Amino acid sequence: KRGVAIKGIRKLQEFYKSLGMPLTFEDIGAKKEDIPKLVEQLNINKGDTFGGFVKLTMDDARKIYESC
């Protein structure tokens, strides 16, 4: 199952790239040092939790940003 998921993620990344969409912080000129400010701004805009299907916290957002 994991192999199928990884293959699907790679295909989605290839598709986004084919559209010219950025995939990483580097692609948009951002740096890891920007993460605290991004999380702060997200909190201002969305509150302590956000998301429709699964509620995410600011810690979740930080981890997602760090994975970019």
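1. A nonpolar surface patch of about 520 Å² is built from Leu12, Phe15, Tyr16, Leu19, Met21 and Leu23. Patch members need over 30% relative accessible area and no salt bridge, with like charges joined within 9 Å and nonpolar side chains (Val, Leu, Ile, Met, Phe, Trp, Tyr) within 5 Å. A salt bridge here puts a side-chain nitrogen of Lys or Arg within 4 Å of a carboxyl oxygen of Asp or Glu. Areas are Shrake-Rupley with a 1.4 Å probe, and for residues only the protein chains shown count as cover.

2. Keep in mind that this is a predicted model: local features need pLDDT of at least 70, side-chain atom pairs count only at pLDDT 80 or more, and totals for chains, interfaces and linings use all residues. Numbering runs from 1 along each chain as its sequence is written, and side-chain values use heavy atoms, leaving out hydrogens and water.

3. Leu19 sits in the loop between helix H1 (2-18) and helix H2 (35-46). Helices (H or I, at least four residues) and strands (E, at least two) are DSSP runs, numbered from the N terminus.

4. There are 2 aromatic pairs, counting rings of Phe, Tyr and Trp (its six-membered ring) with centres within 6.5 Å; planes under 30 degrees apart are stacked, over 60 edge-to-face, the rest tilted. Phe15 and Tyr16 have ring centres 6.1 Å apart and planes at 45 degrees, so they're a tilted pair.

5. Phe25 and Tyr65 are also tilted, at 6.0 Å centre to centre and 45 degrees between planes. This pair links distant parts of the chain, 40 residues apart: Phe25 in the H1-H2 loop, Tyr65 in helix H3 (residues 58-67). Phe25 is buried at 9% relative accessibility (under 20%; exposed is over 50%, partly exposed in between, 1.4 Å probe, protein chains only), while Tyr65 is partly exposed at 21%.
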